[in-house]
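The entries follow in the order I made them.

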Amino acid sequence: MTQGDLEGATLRHLKYTMGKTPSHATVFDWRMALSYAVRERIMDPWFASTQATYREQKKRVYYLSMEFLIGRLLEDAIVNLGLVDEARAVMARQGLDLHAVVATEPDAALGNGGLGRLAACFLDSLSTIGCPAMGYGIRYEHGLFRQRFVDGRQVEEPEDWLNQQHAWEFERPEATFEIGFGGHVEEVESRARWYPGERVIAQGWDTPVIGWQGRWANTLRLWGAMPVQLFDLASFNRGDYAAAAQPEALARTISRVLYPDDTTDQGKALRLKQEYFFTAASLRDILRRFRGEYHDLRKLPAKAAIQLNDTHPAIAGPELVRLLMDEHAIPFEDAADIAQRTLSYTNHTLLPEALERWSEHLMGSLLPRHMQIIGRIDELHASRHPDRRMAIRGDGQVRMGELSFVMAHKVNGVSALHTGLMKETVFAELHRLHPDRIVNQTNGVTPRRWVLSANPRLSKLISEAVGPGWEDDLERLAGLEAVIDGDGFASAFMAAKRANKVELSDWIAESLGIKLDPDAMFDVQIKRIHEYKRQHMNILQAIAEWQALRDAPGSAKVPKVRLFAGKAAPGYVLAKEIIRLINDAAEVINRDPVTRDWLKIVYLPNYNVSLAERLIPAADLSEQISTAGKEASGTGNMKFALNGAPTIGTLDGANVEIRERVGAENFFLFGMTAAEAMARREVPGHAAEAIGRSPALARALEAVESGMFSSDEPGRYHGLVGNIRHHDYFLVASDFDDYARAQTEAAAAFADRGEWARMAALNVARSGWFSSDRTIRGYMADVWAAQPLI
């Protein structure tokens with residue numbers, strides 16, 4: 001597509017789609033017109049890919065995920081189609097900056113954190129490799145929430161990404177399925193029949209996902225909930241207007257919000273409804289497509305690979321068995337075998353509380369037929385393994401992790417450490433019974449989004465050093481090692497980094513009114529807020545550092561900016577207290593005339609993909625400080641390394657593999673191992689003992705506890721401090737001093753800019769293995785038995 005072609009298509013859509021002339025068009029109009037023009041270019045490879053999939057009749061991959069954190073799509077499409085220069089020129093001819101135009105696109109509010117961003121990276125890689133695939137999820141109207149701060153507190157507001165036109169989706173009114181809840185089950189002619197008491201319609205919305213160079217495109221199909229009866233006219237005519245609109249309001253509740261607060265019974269029921277809603281619609285769509293090509297459902301495992309991204313779609317096992325049994329008359333054991341050979345499951349957590357469990361009462365009332373089938377699955381597994389020491393049902397609960405495992409032919413972890421710990425902890429008994437079922441597929445990230453698009457300055461340096469082609473063959477980054485010590489590379493590398501930092505600093509000054517020194521070390525921790533990720537350890541060490549600076553002004557080796565971003569679940573009280581503490585501490589520390597030139601703390605609100613694309617290229621130090629044994633993998637750690645930010649971190653998740661590949665000398669390691677952490681928890685009074693031998697931690701805790709950062713409410717953080725003093729399951733106190741040591745070492749290394757440049761560049765050169773293309777090829781070979789078609 002030439003510049004002229006793109007300009008012509010853009011002007012045509014401006015006139016005939018947006019109804020505007022160039023002289024009256026707004027930036028929104030131009031962005032939409034450009035989006036429609038670029039979308040046109042995607043149509044041919046999208047249709048061709050679909051036709052090739054039907055023609056070749058190879059196995060298709062179906063990826064079921066509650067989240068797809070896809071971010072903005074215009075720039076993604078322009079980059080993958082190789083139209084960046086053309087789009088920039090087209091906008092420039094209208095007096096517009098392409099970057100500014102792209103920035104007006106709202107992030108699609110379809111995810112929260114690593115789970116959803118991983119799913120989005122996988123879709124990009126599946127299309128780049130040419131693997132026939134389809135993603136399935138929910139079209140959330142309001143996403144998780146939009147985060148803002150009031151007096152340092154997190155306040156949740158609804159996302160509004162769908163308040164304006166969304167250029168990338170296609171409504172599919174023909175792709176609709178009726179989804180039931182509740183009701184009762186009857187035996188009719190020796191077959192069970194479920195009579196739901198409530199029904200909603202799942203309607204599909206399709207977004208094409210174009211791969212690198214436009215060679216292949218797959219589909220993301222998102223389900224929106226609609227009422228069976230759109231409007232109750234009789235109630236309206238009686239004057240009961242609220243009742244008239246109630247069917248639509250209740251149905252749409254299912255697809256309004258990601259992860260509704262489940263601290264109430266109503267919240268739990270809604271979340272289970274969401275999980276069943278999108279899983280059931282997806283499975284019916286898969287079977288509809290399969291039956292359009294084949295007649296024998298027993299061939300399903302040979303033609304379809306269904307991947308469950310965490311336990312949210314775990315109900316897929318019982319639902320697929322139900323469809324095969326109740327609607328297609330396949331005997332139970334055969335149906336269970338077909339389902340198990342079709343399904344595979346990715347585990348993302350070692351936290352037992354994060355492996356979903358539903359009460360049998362809720363499951364039985366909301367999905368009565370599925371409760372029966374889960375019981376039969378459990379009985380079948382028990383009969384085949386009479387010595388087992390686990391069950392899917394127990395203590396009045398349905399254990400969705402165990403259900404996912406039993407109903408999958410492969411179960412994968414997402415880092416080498418995580419996979420090994422799965423075998424030893426949460427799934428130890430199931431691993432004993434099924435020793436060949438667990439496999440590892442270490443996560444990866446797409447270099448098209450996270451280097452080429454997010455960091456064009458670094459991308460230009462890479463292309464100059466190793467040539468084109470690294471974008472879909474990321475291990476070619478190893479070629480950088482030959483030039484890192486050559487004339488000019490280090491200075492060019494650091495100049496690119498500094499330019500990114502200036503850009504971020506300018507944006508923060510404009511957005512928040514906070515001025516930053518781009519020559520300071522930018523120390524960044526961006527991820528959802530959770531105790532195991534230990535943002536509270538980070539801020540406590542920052543407070544201790546501030547106190548030391550006040551004791552000895554001028555003692556700092558380098559100026560430092562501690563940058564935070566991330567959301568806490570609305571019902572997670574302690575996580576929200578951590579957010580407020582960071583903001584309260586920032587308010588005090590940033591105003592201190594003694595230290596403010598040496599230490600600043602900034603919490604950026606409403607973390608999303610677009611904010612990550614600003615922060616990661618500008619980061620100097622990557623905070624990956626979770627308690628060892630608790631982070632499954634992480635993908636932020638990979639993005640930072642690929643963008644030249646060495647890690648300060650524990651031996652947790654994929655940190656282990658990053659350190660192995662970039663070199664121990666280019667990684668700031670601290671903290672206990674997973675085995676040491678488990679042993680430490682068994683020591684009585686471990687937190688008090690650690691605080692007793694750490695004057696810096698004791699002093700920081702006393703400052704927080706005394707109200708130094710909350711003078712209007714001195715007791716605000718007694719609960720948070722008390723948790724560390726008396727419980728500290730995530731071992732903040734025990735790892736604190738070693739974390740402080742690593743921080744000191746990182747600051748000393750940063751002071752030597754030449755050596756730091758080499759360390760940062762080696763992180764880039766040695767991180768090529770962490771491409772999601774490599775991960776997807778692993779799934780295709782080891783889990784799905786799927787083949788690319790390009």
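I started with the second largest cavity, whose volume comes to about 110 Å³. I listed its lining and got 15 residues, with Leu69, Gly111, Glu159, Lys567 and Asn608 closest to the centre. I sorted the lining of this second largest cavity by type: 8 nonpolar, 4 polar and 3 charged. I note here that I am working from a predicted model.

Next I asked how many cavities of 30 Å³ or more the whole structure holds. The search of the whole structure returned 7.

I then went to the largest cavity, which contains about 210 Å³ of space. I counted 18 residues in its lining, and those nearest its centre are Leu73, Asp76, Pro208, Val209 and Ile210. Which elements each supply at least two residues of this lining? I found α3 (74-81), α6 (114-129) and β8 (198-210). By type, the lining of the largest cavity divides into 11 nonpolar, 3 polar and 4 charged residues.

My last entry is on helix α29, which spans residues 718-726. I looked up which of its residues are buried and wrote down Leu720, Val721, Gly722 and Ile724. I recalled that an α-helix has 3.6 residues a turn, so residues three or four places apart point the same way. I also checked what covers the buried residues of α29; the cover includes α21 (535-551), α22 (573-589), α27 (686-692), α28 (695-706) and α30 (732-751). Just after α29, I noted that Asp728 has a positive phi of about 50 degrees.

How values were computed:
Residues are numbered from 1 along each chain as its sequence is written. This is a predicted model: local features need pLDDT of at least 70, side-chain atom pairs count only at pLDDT 80 or more; totals for chains, interfaces and linings use all residues. Side-chain values use heavy atoms; hydrogens and water are left out. On a 1 Å grid over the protein atoms alone, a cavity is a set of points where a 1.4 Å probe fits but cannot get out, and a pocket is an open set with protein on both sides within 12 Å along at least five of seven lines; lining residues have an atom within 4 Å of a point. Grid points are joined across faces, edges and corners, and a volume is the space filled by probe spheres set on the points. Helices (H or I, at least four residues) and strands (E, at least two) are DSSP runs, numbered from the N terminus. Ala, Val, Leu, Ile, Met, Phe, Trp, Tyr, Cys and Pro count as nonpolar, Asp, Glu, Lys and Arg as charged, and the others, Gly among them, as polar. Buried means under 20% relative accessible area, exposed over 50%, partly exposed in between (1.4 Å probe, protein chains only). Contact means heavy atoms within 4.5 Å.
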